[in-house]
Amino acid sequence: MRATLTVLGSGTSMGVPTIGCNCSVCHSSDPRDRRTRPSIMLRYNEQTVVIDTTPDFREQALREKITRLDAVFYTHTHADHILGIDDLRPLTYHHPSGKLPLYAAPDHCDFLRNMFRYIFDANYKFGGLPKVELKPIEAAVEFHGARFEPVTVIHGETPILGFRFGSGAYLTDHSDVPRESLDKLRGLDVLFLDALRYKPHPTHSTVEQSLRIVDEVNPKRTFFTHICHDLPHEETNAKLPVGVRLAYDGMKLELEI
Ligand SMILES: [Zn+2]
Ligand SMILES: [Zn+2]
Ligand SMILES: [Zn+2]
């Protein structure tokens, strides 16, 4: 089945430009150097699914003219991946089943329930809540003809999730990808990987580390995401090997899902 993947955001947790920063990338006139927080959208079989709801979700949804949403998959519960949850409200009011499913690892469901108690606490009576429902991911999720397979990656010291969907996979926020997860990434057409910058970071992958993953699993096309202001779009792309490029906000591609 054909799917369209749209990059909602390609930036790191602080976004690019970063508040108060005077560097050349934060002041670049290239629109691809403007990076909102990291997320993607998949459209297939009249379904719209997003991975993560960032603090920029509202702007991303308006920019991409999202008028319906059928599910959210969460990679983990860091602020840059979840804080847009309240802006799901207008999309959840029209959800056909009444409650928008939010798929997350069981411990991430617990975290979301605590963090956003006002949403999940039945005793909260002030209205204006997103109509959502947490769905713990215990195994691959079949969703309207597509299979979302969780792929465990290590983010600092914490295991979190990436997802494989057909010939595509989206891994964000990883400092290590275990062997058994690499084995789930064979035969890909499209692979998204974290590549924060060149300089090592305790919880994120560098350009060099992610290029090693590319060598290992050999996807047809790779896009780097969760990018900070150390990587100017044009200049960095010129140095990357064929088949590997930086993602940018609004980028769209087709794949088999
Ligand atoms: Zn992040
Ligand atoms: Zn900067
Ligand atoms: Zn994170």
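**View 1. Two zinc ions share Asp173.** The zinc ion (ligand 3) and the zinc ion (ligand 1) lie 3.5 Å apart, with Asp173 coordinating both. His76 lies in the loop between strand E4 (71-73) and helix H2 (79-82) and His155 in strand E8 (residues 146-155), so this pair ties together parts that are 79 residues apart in sequence. Helices (H or I, at least four residues) and strands (E, at least two) are DSSP runs, numbered from the N terminus. This is a predicted model, in which local features need pLDDT of at least 70 and side-chain atom pairs count only at pLDDT 80 or more, while totals for chains, interfaces and linings use all residues. Residues are numbered from 1 along each chain as its sequence is written, chains are lettered from A and ligands numbered from 1 in the order in which they are written, and side-chain values use heavy atoms, with hydrogens and water left out.

**View 2. Donors of the zinc ion (ligand 3).** His76 (NE2), His78 (ND1), His155 (NE2) and Asp173 (OD) are the protein donors, at 2.2 to 2.3 Å from the ion. Donors are N, O and S atoms within 2.8 Å of the metal (3.2 Å for Na, K and Ca); water is not among the atoms, so sites may look incomplete. The angles subtended by the four donor atoms run from 90 to 173°, which makes the arrangement irregular. Four donors count as tetrahedral if all angles lie between 85 and 135 degrees; four count as square planar and six as octahedral if opposite donors are over 155 degrees apart and all others between 65 and 115; anything else is irregular. The spacing of the donor residues in sequence is H-x1-H-x76-H-x17-D.

**View 3. Donors of the zinc ion (ligand 1).** Asp80 (OD), His81 (NE2), Asp173 (OD) and His226 (NE2) coordinate this ion at 2.1 to 2.3 Å. The site is irregular, with angles of 92 to 162° among its four donor atoms. Asp80 is buried, at a relative accessible area of 7%, and His81 is buried at 0%.

**View 4. Strands E8, E9 and E10.** E8 and E9 pair in the antiparallel sense over eight bridges; two strands pair if DSSP finds at least two bridges between them. Pro150 has Phe163 in E9 as its bridge partner. Two residues separate the strands of this hairpin, where Gly156 takes a positive phi near 70°. E9 also pairs with strand E10 (residues 168-170), antiparallel over three bridges, and Arg164 has Ala169 in E10 as its bridge partner. Six of the eight residues of strand E9 (residues 158-165) are buried, so E9 is largely enclosed by the rest of the structure.

**View 5. Surroundings of Arg37.** Arg37 lies in the loop between strand E1 (2-9) and strand E2 (39-44), and is buried with a relative accessible area of 17%. A polar atom of the Arg37 side chain is 2.9 Å from the backbone oxygen of Ser13. Not counting residues up to four places away in sequence, Arg37 touches residues including Thr54, Asp56, Gln60 and Asp80; contact means heavy atoms within 4.5 Å.

Notes: Buried means under 20% relative accessible area, exposed over 50%, partly exposed in between (1.4 Å probe, protein chains only). A polar contact is a pair of N or O atoms within 3.5 Å; within protein, one must be able to donate a hydrogen and the other to accept it, and residues adjacent in sequence count only if both atoms are side-chain atoms.
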